[in-house]
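Here are my notes on the model, point by point. Please read them with the structure open.

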Amino acid sequence: GTWRDGPSLPKPRYGHTCLLTEVAGSRGVMVAGGALTGNEVIFLDLGTMEWKELPPLNYKIDGHKLILVEGIPTIFSWNNIEQFDGSSWTLQKFRLSQSRSAFTVTTVPGHLIRGCL
């Protein structure tokens with residue numbers, strides 16, 4: 001592919017997180033949270049190259065991580081885990097055992113870990 005400039009972020013951000021994913025059948029970049037933008041989530045549709053606002057997170061966050069868990073955009077922040085169902089962010093009952101910020105996460109296929117189904 002060829003690199004080219006895309007549209008600027010609608011607002012300045014830092015301490016945010018990004019994820020290449022699909023929303024409503026459109027491939028794009030989801031950008032969530034940050035010290036200046038709190039619980040805001042936006043999506044850059046790579047087909048139209050336009051930013052769209054998505055529903056806000058339940059909490060203002062920064063220093064968090066956003067990954068796909070079984071195809072679902074999932075935020076890990078402080079003690080909380082939120083998942084996006086395509087229309088809203090849902091706070092999960094399971095919580096992280098200790099508060100954390102500025103950490104890393106990754107996904108591991110269940111079949112690689114003994115006891116996972």
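1. A term first. A nonpolar core here is a set of buried Ala, Val, Leu, Ile, Met, Phe, Trp, Tyr and Cys residues joined through side-chain atoms within 4.5 Å. Buried means under 20% relative accessible area. Note also that this is a predicted model.

2. The core. How many residues are in the largest nonpolar core? It has 13. Those with the most contacts inside it are Met-30, Val-41, Leu-57, Leu-66, Ile-75 and Trp-89. Strands E1, E2 (26-32) and E3 (41-45) each supply at least two residues of this core. As background, nonpolar side chains tend to be buried together in soluble globular proteins.

3. Leu-66. This residue is among those with the most contacts inside the core. Leave out residues up to four places away in sequence, and Leu-66 touches Thr-17, Cys-18, Leu-19, Met-30, Ala-32, Pro-73, Thr-74, Ile-75 and Trp-89. Met-30, Ile-75 and Trp-89 from that set are also on the list of core residues with the most contacts.

4. Overall make-up. The chain has zero helices and eight strands. Read from the N terminus on, its elements run β-β-β-β-β-β-β-β. The chain has 117 residues, and 33% of them count as buried. Take the contacts with a separation of 6 or more: residues 24 or more positions apart account for 37% of them.

5. Asp-45. Is this charged residue buried or exposed? Asp-45 is buried, because its relative accessible area is 5% and the cut-off for buried is under 20%. Asp-45 lies in strand E3. Its side chain makes a polar contact with the side chain of Ser-26, at 3.2 Å. Beyond four places in sequence, Asp-45 touches Ser-26, Arg-27, Glu-50 and Lys-52. Ser-26 is therefore both a polar partner and one of the residues within the 4.5 Å contact limit.

6. Leu-9. This residue is found in the segment before strand E1 (17-23). Leu-9 counts as partly exposed because its relative accessibility is 35%, between the limits of 20% and 50%. What does Leu-9 touch, not counting residues up to four places away in sequence? The answer is Ile-42 and Trp-51. Leu-9 and Trp-51 are 42 residues apart in sequence, yet 7.8 Å apart in space, C-alpha to C-alpha.

7. Second largest pocket. Its volume is about 270 Å³. The lining consists of Gly-1, Thr-2, Trp-3, Arg-4, Asp-5, Gly-6, Val-29, Leu-44, Leu-46 and Met-49. By class, that lining has five nonpolar, three polar and two charged residues. Gly counts as polar in this scheme.

8. Met-49. Met-49 has a positive phi of about 60°, although it is not a glycine. Met-49 is found in the loop between E3 and strand E4 (50-54). At 27% relative accessibility, Met-49 counts as partly exposed.

9. Trp-78. Trp-78 lies in the loop between strand E6 (72-77) and strand E7 (80-84). With a relative accessible area of 34%, Trp-78 is partly exposed.

Key. Residues are numbered from 1 along each chain as its sequence is written. This is a predicted model: local features need pLDDT of at least 70, side-chain atom pairs count only at pLDDT 80 or more; totals for chains, interfaces and linings use all residues. Side-chain values use heavy atoms; hydrogens and water are left out. Helices (H or I, at least four residues) and strands (E, at least two) are DSSP runs, numbered from the N terminus. Buried means under 20% relative accessible area, exposed over 50%, partly exposed in between (1.4 Å probe, protein chains only). On a 1 Å grid over the protein atoms alone, a cavity is a set of points where a 1.4 Å probe fits but cannot get out, and a pocket is an open set with protein on both sides within 12 Å along at least five of seven lines; lining residues have an atom within 4 Å of a point. Grid points are joined across faces, edges and corners, and a volume is the space filled by probe spheres set on the points. A polar contact is a pair of N or O atoms within 3.5 Å; within protein, one must be able to donate a hydrogen and the other to accept it, and residues adjacent in sequence count only if both atoms are side-chain atoms.
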